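Look at the sequence and the structure before reading on.

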Amino acid sequence: MSKTMAQKIWDQHVVASHEGEPDLLYVDLHLVHEVTSPQAFESLRLNGRKVRRPELTVATMDHNVPTRGGREAADQVSQRQMAALEENCRREGIRLYGIGSSRQGIVHVIGPELGLTQPGLLIVCGDSHTSTHGAFGALAFGIGTSEVEHVLATQCLRQRPPKDMAVTIEGELPVGVTAKDVALGIISRTGVDGGRGHVIEYRGSAIRGLSMEGRMTVCNMTIECGA
């Protein structure tokens, strides 16, 4: 029986599988930022655990970085979260692209920019728009803070196999129609939860005609239909 690309990547990363239980998946790349990681690192510390594979974890300042004025322009909560990420990465030996680094940026963008995102990888991050990396042929999805802790501690993640959904768009996009319009058009048909429990694979000449930035946009917005 033939398999989709998502199914093939999933199968290649299964560490353990038992009937009626979630699969245990190996994670190739774990991206972290300052908002969803502090509690995860703190729980590791309180339980006397270390990060299992720090070389497979990459951190950046993202959500709380002021657009002007540097770190001092951030509110106190944001400053504490950024300081915590710096300390946690220093203690655990994790690569951090912080404020002032030429490689700091939006967590979904620096992965592709730095060549970290590669076809066939299983990528997770504590952010719902991690699906952005799917544009590069990776299987990528967002996880919650407790799952961030689990990946930090074990480099693995328990997940139930998703269903598959194909979205095919043929033809040439008219002038002025962008990748975001394509994504919004899809969501208008599926609804905000039509993709729940699914991995969506985008197909067709219109998708092939998009730039990589356009494909990233479509994949980024996949979560908006629940997938």
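In which sense do β1 and strand β2 pair, and over how many bridges? β1 and β2 (residues 23-26) pair in the antiparallel sense, over two bridges. Here two strands count as paired if DSSP finds at least two bridges between them. Strands (E, at least two residues) and helices (H or I, at least four residues) are DSSP runs, numbered from the N terminus.

The model is predicted: local features need pLDDT of at least 70 and side-chain atom pairs count only at pLDDT 80 or more, while totals for chains, interfaces and linings use all residues. Residues are numbered from 1 along each chain as its sequence is written, and side-chain values use heavy atoms, with hydrogens and water left out.

**The antiparallel sheet**

In general, strands of a sheet pair through backbone hydrogen bonds, either parallel or antiparallel. Three strands form an open antiparallel sheet in the order β1-β2-β8. Its edge strands, β1 (14-16) and β8 (156-159), each pair on one side only. From one strand to the next, the twist averages 40 degrees. Within the sheet, Val14 has Leu25 in β2 as its bridge partner.

Contact means heavy atoms within 4.5 Å. Axes are lines fitted to C-alpha atoms, for helices over the stretch in contact, and angles run from 0 to 180 degrees between N-to-C directions.

| Helix | Strands touched | Angle between directions |
|---|---|---|
| α1 (residues 5-12) | β1, β2 and β8 | about 40 degrees with β1 |
| α5 (residues 145-154) | β2 and β8 | about 135 degrees with β8 |

**The parallel sheet**

Five strands form an open sheet with parallel pairing, in the order β5-β4-β3-β6-β7. β5 (95-97) and β7 stand at the edges with a single partner strand each, so one side of each has no neighbour in the sheet. Direction ignored, neighbouring strands of this sheet are turned by 20 degrees against each other on average. Strand β4 (residues 57-60) pairs with β5 in the parallel sense over three bridges. The bridge partner of Val58 in β5 is Arg95.

**A loop residue**

Is Thr132 buried or exposed? Thr132 is found in the loop between β6 (122-125) and β7 (139-142). Thr132 has a relative accessible area of 4% and is therefore buried; buried means under 20%, exposed over 50%, and partly exposed in between (1.4 Å probe, protein chains only). The side chain of Thr132 reaches the backbone oxygen of His129 at 2.6 Å. Not counting residues up to four places away in sequence, Thr132 touches His108, Met216, Cys219 and Asn220.

Technical notes:
Polar contact = N/O pair within 3.5 Å; in protein donor to acceptor, adjacent residues only side chain to side chain.
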